[in-house]
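The exercises below are to be worked with the sequence and the model side by side. Each one sets a task and is followed by a solution in steps.

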Amino acid sequence: MGASGVNAGRLSRWAIGVALFLLAALMLAPLGWLIAESLTKESEALRLPPHWIPDPFTVQNYRNISGMIPFGRMALNSLIVATIATAGSMFVSVLAAYAFSRLRFPGRDAIFLLMLSALMIPGQMTVIPVFILLRNLNLIDTLPSLWLPSLINVFAIFFFRQYFNSIPRELDEAARIDGAGNIWILFKVILPLSGPALAAMTILAFEASWNSYFLPLIFIRSEENMTLPLGLVTLNADQGGSSVTVFAAITAIVLPVLVVFLVFQRAFVASIASLGVRG
Amino acid sequence: MVGKTAAPGAPLRPGRPRQQWSGYLFISPAVLLFGVFIVGPFLYAIFLSFYAWDLLTPREFIGLDNFREMWHDPLLRKVLRNTFVFAFASVVTHVVGGLLLALGVNQLKNRFLSGFVRTSLFFPFVISWAAVALLWRYVLSPSFGLVSYYSDKLGFTPPDWFNDSTWTMPAIIGIDWWHTIGFTFIIMLAGLQAVPSELIEAARTDGANSWRVLWHVTIPMMSPTIFFASVITFIGAFQIFDPMQIITPGGGPDKSTMSIVMYLWTRGFQRFTVGYASAVSILMLVVMMGVTLLQFRGSRRWVHQA
């Protein structure tokens, strides 16, 4: 702390505080409006002046969501896809990063550099061939089409390798002398010391999968296989004039995220910060 | 993407055979997935760019015709320009905004206020684009949106954001700022807090005023962070798709908000000209690599090497 170069006087410090407070309130205003309107009776909602307090209050708008889209099913799909994609990609990445950091074998550095250079390839470039591949495997419009391609996470491999390299090798040498194998060293020596790195990558991978819209838009057709973001856009497209149901659905998607965010805020922010500092 | 190349790990001595086998075993899931979902598709996209194919009838080899068509495609030129405008605006507004916000928040003495500001700046970033885009379409709605109501109270009429080709792109740039500024802000704040305070104290003792300290010490020390933020903001912004496709599904008035990825998606998955879409994706890769390379080249002049 205290690294700022601006030694503002008390008055300007006050002004900065007030300005930041106003900006923060403005940032939150659309969300406050969203929640208030979603809890207002449909006939009154979305009228001017805008509601900041639901009046008359109702939860009927939330009940109406499931009449239009299978919301619960979509939430479950999102959860399944994000969980498998995150757990799977973390497992694959940790194994590879351990080999790149600790084991010696011909071609190791060449393979690692090849993977690193592929970080430049945008996902949109591979999406057409991946679509064709999944079509040939009969996986289009299934949940595996969403998590299978996410199992490879080159950035996580890179990030874990850098982190593992910062863990003293004497620790695993000591374990090896005691007769430990690679699996034991990875899971009992290295990973317990990699908490922050694991948390950062897990959070980012889960968030990316949970919020993904591009891949589901291309790979999923039927409503019962949709994840929440795509389901929400579909609901909005054929709402039949009931915008306030869309408001309820947006709120139903945003509120759990808000709760999870407030609980894990520290880890969340640390995960983003670590990208810049470690990179 | 992240700048420094990997420092070589342990020197490569011909390890024991068991260790070699373990090495291959440990990387095999990653290598397999990497081949199937990244390298294979990458090569196949290049291959497809020499063909005309609609995914149904047999594909036809057409040599460089897709690239020739790209050269004469006015819509492609337009979407490239849109994407560059968006990416440039995004980099400038995020980097400048993120830096100013970090400097401001870092001065706050009141912990409650500081926490509140951080949380509200960062929270929109964790909401999915789908929810953000739909919400903002309502916020900016001329008939019942917040913005038109309160601007009316303040005595001016806002434009019809999503039907006026001059204002659709600025609206999306603003929405993107709302959604993503928290990310840049956090990175800037981490960079700012990593500046050694002794340096700043030393400059102060030497009689430098606040602005000189900021300009000659803090910002130069933060230059690696600023550089990192501009590189990843550009890469992310150049691949923008979700808000444009959700808010303006057809590309907006006069195609003013069609991004290159949206065009690629339209050609690949709406019109099923898969070969042409692959050629566009190659162009996209080349442009992104070119700009990133330029950023790295340029960085030698201003990024402070620790």
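**Exercise 1.** Does A:Phe247 count as buried or exposed, and why?

*Solution.* Before counting, note that this is a predicted model, in which local features need pLDDT of at least 70, side-chain atom pairs count only at pLDDT 80 or more, and totals for chains, interfaces and linings use all residues. Residues are numbered from 1 along each chain as its sequence is written, while chains are lettered from A and ligands numbered from 1 in the order in which they are written.

Step 1: recall that a residue is buried if 20 or more other C-beta atoms, placed from the backbone, lie within 10 Å of its own, exposed if 12 or fewer do, and partly exposed in between. Step 2: A:Phe247 has 26 C-beta neighbours inside 10 Å, and it therefore counts as buried. Step 3: locate A:Phe247 in helix α13 (residues 243-278) of chain A, where helices are DSSP runs of H or I with at least four residues, numbered from the N terminus. Step 4: leaving aside neighbours within four places in sequence, A:Phe247 is in contact with A:Leu34, A:Glu37, A:Ser38 and A:Asn61, a contact being two C-beta atoms, placed from the backbone, within 7 Å.

**Exercise 2.** Describe how α12(A) and α5(B) are placed relative to each other.

*Solution.* Step 1: the axes of α12 (residues 228-237) of chain A and α5 (residues 129-139) of chain B come within 8 Å and cross at roughly 25°. These axes are lines fitted to C-alpha atoms over the stretch in contact, with angles from 0 to 180 degrees between N-to-C directions. Step 2: α12(A) and α5(B) are therefore roughly parallel, the word used for angles under 35 degrees. Step 3: the contact is made by A:Pro229, A:Leu232, A:Val233 and A:Asn236 on α12(A), and by B:Ala130, B:Ala131 and B:Leu134 on α5(B).

**Exercise 3.** Which residues have the most contacts inside the largest nonpolar core?

*Solution.* Step 1: a nonpolar core is a set of buried Ala, Val, Leu, Ile, Met, Phe, Trp, Tyr and Cys residues joined through C-beta atoms within 7 Å. Step 2: the largest such core has 169 residues, and those with the most contacts inside it are A:Ala96, A:Leu232, A:Ile250, B:Ala131 and B:Leu134. Step 3: apart from neighbours within four places in sequence, A:Ile250 is in contact with A:Leu34, A:Leu232, B:Ala131, B:Leu134 and B:Leu135.

Methods: Helix = DSSP H or I, 4+ residues; strand = E, 2+ residues; numbered from the N terminus. Parallel < 35°, antiparallel > 145°, perpendicular 65-115°, else oblique.
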